[in-house]
Structure formats: C-alpha cells, structure tokens
Amino acid sequence: MSHSNGIKADIEVYISSEDLIESQESSFTRIGDYVDTNSMHDLIELLEDQLVSVEDRVRNRATTLLAELFCQKTYDLHGSVLHLYSVFFSHRLSDYPSVIPSLLALTALTEKYGAKFDPKYEDAVDIFQTVFRSLHVPEYAQTVRHKVYLLFKGILNDPAFTTILFPHGAEILDGIICCIEEEKDPRCLREVFQVVYSALKLFYPHLHKR
C-alpha cells in the first residue's frame, strides 16, 4: 500500500508541477519503474480520477504521462493488450486536451509494435476511422495536423497493416483527402505528399482491380 501511495504522490507531482522540471523527471522515472515492476494497466487504474478530471490540464497531463511512457520505453505486449491500448487512445481523441498525447501514443504503438498487432482486431483501420470521425483535421493547429500525418504515414508504410487496410482502401483515401484539404503549411505539406504517395501506392492497384 505504501508503494502505491508513493506512486500516487509521484503522479501528483508529474501532473501538478508546472515549473519543477527536475521534480517531474524524477517522478516520471519512478513511475516508469513502477510500470516495469507492475503493469501499464495498474498505472491506468491509478490515473482513473485524473483521466476523467473536469480540469482540461489534468486530463492532458494524465494522458501525456501515458503517452511519454509508450514513446520512451518498450514493453512486452501481446496483440490483445495492444488492441486495448489502441482503443483507449483512439477514444481519447474525442477529448480535445488529450488529442496531442493520444496521437503521440498511437504513433508509438503502431511504430514499435506493428508486427504484434492481431489482425483480427483491425486496429489500424479503427485508428483511421476514429481520426476521421473525431477530428476535423483542417481546423486544428499545425502541430496537431503534423502529428496526424505522421501517424497516417507510419501505418500506411508498415507491411504489418497492409492486409487489413486493403478492404477499406476507398474509405481511407476519402478520409485522407478530407484531412489534407487546403493544407498549406510547408512543414505539413512534406508529410502530406508522403501520405498521399503511400496511400495511392498501397490502395490504387487493389481498387483498380475492382
């Protein structure tokens, strides 16, 4: 119980400290050690109140904590567990303060564990569909749009997702077109061109045969 209380205190420091960077880093290290010893699921349970807080900043920091762990560390995750985390972060895209960390987490999950995703869950398809449904990408800031394009590019270029994406090619292409509509930022256009190229390369031969 004392160990759990200690981690709760570290969580509070990470989420609440605005300027104490060293304190945040120390707490983050201890939280990471806690996950290594226990599990990510245990940490999410401890974060339950913060993840549903009425305060936008608290929800953002709680989701950021999880995202940073997935970005900085690698875990031994099975396909069924990856599915749960994919669904978790996809659903959080509907919460504005959680959008950026959720995009970062989804990118880390698909990049690090692509081959371990279980095809029966079609998580890559669900990620595309959730982004199309939850985010009107052109209305978001450049930082968000750029992260969306990086997520798309990573999934489209990973052979592990090719088979499950094929049947949804037309829908995904339409969704991508809506996301990149009127994109003018030079930092984003480079990614847009790569996303479109990857999507056409992947889907066009299949759609053409139909």
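The largest cavity holds about 40 Å³ of space. A cavity here is a set of points on a 1 Å grid over the protein atoms alone where a 1.4 Å probe fits but cannot get out, and its volume is the space filled by probe spheres set on the points, which are joined across faces, edges and corners. You're looking at a predicted model, where local features need pLDDT of at least 70 and side-chain atom pairs count only at pLDDT 80 or more, while totals for chains, interfaces and linings use all residues. Residues are numbered from 1 along each chain as its sequence is written, and side-chain values use heavy atoms, leaving out hydrogens and water.

To find the cavity, select its lining (an atom within 4 Å of a point): Phe-117, Asp-118, Pro-119, Asp-123, Ala-124, Ala-160, Phe-161 and Ile-164.

Next, pick helix 2, residues 21-37 (helices are DSSP runs of H or I, at least four residues, numbered from the N terminus). Colour Gln-24, Ser-27, Phe-28, Ile-31, Gly-32, Tyr-34 and Val-35, its buried residues (under 20% relative accessible area, 1.4 Å probe, protein chains only).

Last stop: Arg-59 in helix 5, residues 56-72. Arg-59 is buried, at 12% relative accessible area. Show its side chain and that of Asp-95 for a polar contact of 2.9 Å (a pair of N or O atoms within 3.5 Å, one able to donate a hydrogen and the other to accept it; residues adjacent in sequence count only if both atoms are side-chain atoms).

Key:
Helices (H or I, at least four residues) and strands (E, at least two) are DSSP runs, numbered from the N terminus. Buried means under 20% relative accessible area, exposed over 50%, partly exposed in between (1.4 Å probe, protein chains only). The expected span of a helix is 1.5 Å times one less than its number of residues. On a 1 Å grid over the protein atoms alone, a cavity is a set of points where a 1.4 Å probe fits but cannot get out, and a pocket is an open set with protein on both sides within 12 Å along at least five of seven lines; lining residues have an atom within 4 Å of a point.
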